[in-house]
Amino acid sequence: MKEQLPALLIVVPLVTALLSPLVAYFSTRLLRGLHLTALATSFACAVGTLIHALTEGTWHYRFGDWAPPWGIEYVIDPLSGVMAVLISLISVLVLLYAGPFLAEEGWLKKGIYYALYTLLTTGLLGMVITGDVFNLYVFLEISSLAAYALIASGGYKATVAAFRYVLIGTIGASLYLLGVGYLYAVTGSLNMADLAEKLQPLLAANSQAVLIAVLLIMVGMGIKMALFPLHGWLPDAYTYTSPAAIPFISGVMTKVMIYVLLRYCFFIFGAMNGVLPAVLEIVGWLAAAGIILASVMAIAQTDFRRMLAYSSVAQIGYIALGMAIGNYYGLIGAVLHILNHAVMKSCLFLVAGGVKWKTGEHAIAKYAEISRRMPVTMGVFLLGALSMIGIPPTAGFFSKWYLILGALDNQQWLYIVVIIVSSLLNAVYFFRVIEQAYLRKAEGEAKPEETLASVEIAIKNRGPELPYVMLVPIVVLGAGILLLGVCNNVIVTNILHYALPGGGL
Amino acid sequence: MQEFFTSYFIYWVIFLLFLLGPYGIIFKNNLIKKLMAMNVMQVAVILFFLVLGQKMGGEIPVEVPGLLGAGHYINPLPHALMLTAIVVSLATTGVSLALLLLVQKHYGVLEEDELLRRMNER
C-alpha cells in the first residue's frame with residue numbers, strides 16, 4: 001500500500017469527485033462525509049510522501065511501470081511534498097467551512113459544488129507532484145476549469161468575471177502549451193528531469209527555439225499566477241465569488257502557478273543559465289512595481305474582499321521577487337512566503353466569508369463593532385492582518401526577513417526599499433479595517449441603506465459567534481499563522497532547506 | 001519560393017492564427033466573438049503540435065506485418081497529446097457557453113460595453 005501513496009494522493013479525490021453527483025442524489029450528508037474523508041486521505045498521503053521525500057530522498061513513482069522518459073512519472077521531492085501538504089490541508093479546512101453556506105441548496109447544486117471543489121484540489125495536487133510537462137498542462141486545465149465554474153457560482157457578476165477569467169486563463173494555458181511544444185520540438189522529451197538534462201546545454205548556447213519556449217512559458221504562467229501587469233482577471237474573480245470556494249482558490253491556486261514557474265526556472269532551465277538571469281530580472285522589476293501599485297490600489301478599495309484581492313496581487317509579487325533575487329535566502333523567502341501567504345490569505349478570506357454569513361455585508365464601512373459580536377473570528381483576523389503587515393512573531397515577518405536578507409546579499413537595495421515601503425502600505429489598509437472592527441462605534445440610528453436581505457441574514461444567523469464548523473478552520477489557520485512564524489527556523493532548516501534546487505546549496 | 005511553402009509557411013499561418021486569438025479577445029466587443037477567437041487560438045496550438053509530428057512521405061504508425069524502420073512513420077505522440085488538448089478545448093468552450101447563457105439570461109445582452117453599463121446599474 002505504502003508504495004502507491006503518490007497515486008492515491010490523486011486518485012482518491014478524483015474518483016470521489018466523479019461519484020459526487022450520484023452520491024448527492026441519495027444523501028447529501030453522506031456526500032459531505034465522503035468528500036471530507038477523501039480530502040483527509042489525500043492529506044495523509046501528502047504527509048506520507050513528504051516524510052518519505054525527506055528521509056529517503058526524492059520519490060519517483062512510475063505510472064504503469066513505464067520507465068521515464070517515455071512513461072509519465074510522479075516525482076515528489078521535498079518542495080512538491082510541502083506544496084502537496086499545503087494544498088490538501090487548506091482544501092480540507094475550507095471544505096469543512098463551506099458546509100453552512102450550502103445548507104439551503106438542493107442536492108444537485110451540492111453535488112456539483114463538491115465535485116468541482118474536489119476536482120480543483122485534484123488538479124492542483126497533480127500539478128505539484130507530476131514530473132511530466134504535458135501532464136502538468138492537463139492538470140492545469142482540470143484545476144482551471146473547476147475554478148472557472150466555482151467562481152461563476154457566486155452570482156451574475158461572478159459569472160461575467162468568470163467568463164473573463166476563462167478567456168485570459170486560456171490565453172495563459174495556450175501560451176504554456178505552445179512553450180511545451182517548442183521544448184518537445186527541440187528535445188523530443190516531455191519528462192522534466194530528462195528535459196533539464198537536454199535543455200541546459202541548449203540554453204547555455206542561446207538556442208532561439210528554447211529562448212522562445214522560455215518566454216512563452218514565463219508569460220503563460222505569469223498570466224495564470226496574476227503577476228503584475230497580467231493580473232487583470234484577479235480582482236473581479238476574487239470579489240464576486242461564493243465565500244464557500246474563494247478561500248481555497250485565493251490561497252492556493254496562484255501559489256501553485258508560482259510553484260510551476262519556480263520548478264521551470266530553477267529545476268529545468270537552471271537559473272544561472274543563458275537568458276534566464278535577464279528574464280528573472282524583468283520578473284523582479286515587474287514584481288516590485290506590482291507590489292507597490294497593488295498595495296496602493298488595495299488602499300483605495302471599500303469592499304473587504306476586493307482589498308484582499310489586490311493585496312493578493314502584491315503578495316504574489318513578493319514571491320516573484322524572491323525568485324528574482326534567486327540566492328539561497330531569496331528562494332527560502334519565496335518558498336516560505338508561498339506557505340505563509342496561502343495560510344494567511346485563506347484565513348482572511350475565511351474571516352471575510354464569516355462576516356458575510358453573519359451580517360450579509362462585505363463593505364469595510366459596515367465592520368463597525370463587529371469585534372464585539374464575533375470576538376474569536378476578529379481575533380484571528382487581527383492575527384492575519386498583523387502577519388500580512390509583517391510584525392513578528394507572525395509568519396509574514398519571517399518570509400519578508402528572508403527576502404530582505406537575500407536582497408542584501410545581492411546588494412539589490414531597491415528591492416529592500418520596495419519590501420519596506422509595501423509593508424507600510426499594508427499597515428495602512430489593514431489598520432483601516434482593524435479600526436472599523438475594534439474602535440468605531442456602530443451608529444445607533446436605523447440604517448436606511450441597509451438592504452432587506454442583509455437584515456434577514458442578520459436575524460437568521462444571530463448568536464454570539466459563527467457555528468463550530470466555520471470557526472474551527474478559522475482558528476486552525478490562525479494558529480497556523482503563529483506556528484509558521486514561531487517555528488519558522490525549524491521549518492526552514494528541516495524542510496525548506498532540502499526543497500531548494502541542489503538540495504540546499 | 002516553393003521551399004518556403006513546404007518548410008516555414010505553415011508556421012507563419014499558425015503564428016497568424018494564434019495572434020487572431022488575443023486580437024479578438026482584446027478588441028472584439030461581442031462576448032461570443034471573443035469566445036470564437038479563443039477557440040481559433042486553441043486550434044492554432046493544436047495545429048502547431050500536429051505539424052511537429054508530420055513528415056514528408058510518412059505513413060500512419062499502425063502495426064502491420066513487415067514493419068519498416070522508424071523513419072518511415074510519422075510521430076504519433078503529438079497526435080496523442082492533441083487528443084487531450086482537443087478535449088480540453090471542448091470543455092473550455094462548454095464552460096464558457098454555459099457562462100454566457102447565464103449572462104444572456106440575466107442581463108439580456110452579450111455586447112461588452114452594454115453589459116458593463118447594465119452591471120453597474122444593478
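Strands E1 (residues 59–62) and E2 of chain A run antiparallel and are joined by four bridges; strands count as paired if DSSP finds at least two bridges between them. Helices (H or I, at least four residues) and strands (E, at least two) are DSSP runs, numbered from the N terminus. This is a predicted model, in which local features need pLDDT of at least 70, side-chain atom pairs count only at pLDDT 80 or more, and totals for chains, interfaces and linings use all residues. Residues are numbered from 1 along each chain as its sequence is written, and chains are lettered from A and ligands numbered from 1 in the order in which they are written.

Opposite A:Tyr61 stands A:Tyr74 of E2(A). From strand E2 (residues 73–76), A:Glu73 and A:Val75 point one way and A:Tyr74 and A:Ile76 the other, and all are buried. A residue is buried if 20 or more other C-beta atoms, placed from the backbone, lie within 10 Å of its own, exposed if 12 or fewer, and partly exposed in between.

Helix H7 of chain A (residues 192–204) has 13 residues, which at 1.5 Å a residue should span 18 Å; this agrees with its end C-alpha atoms, 18 Å apart. The expected span is 1.5 Å times one less than the number of residues. A kink of about 30° lies at A:Lys198, shortly before the proline A:Pro201; the bend is the angle between axes fitted to the seven residues ending there and the seven starting there. A:Met192, A:Leu195, A:Leu199 and A:Leu203 are the buried residues of H7(A), and they pack against E2, H5, H6, H8 (208–224) and H10 (246–269) of chain A. After H7(A) comes A:Asn206, with a positive phi near 55°.

Chain A has 23 residues in contact with 27 residues of chain B, contact meaning C-beta atoms, placed from the backbone, within 7 Å. Helices H5 (133–152) and H6 (156–187) of chain A each supply at least two residues of the side that touches chain B. The largest share, 16 residues, comes from H6(A).

A:Val376 lies in helix H15 (residues 375–389) of chain A and is partly exposed, with 16 other C-beta atoms within 10 Å. Its C-alpha atom is separated by 8.1 Å from that of A:Leu471, 95 residues apart along the chain.

Confidence is given as pLDDT, from 0 to 100 for each residue.

| Part | Mean pLDDT |
|---|---|
| Chain A | 86 |
| H5(A), highest in chain A | 92 |
| H18(A), residues 452–460, lowest in chain A | 58 |

Over residues 445–449 of chain A, pLDDT stays under 50. Where pLDDT is low, the predicted coordinates should not be read in detail.

Technical notes:
Two residues are in contact if their C-beta atoms, placed from the backbone, lie within 7 Å. pLDDT is the predictor's confidence in each residue, from 0 to 100.
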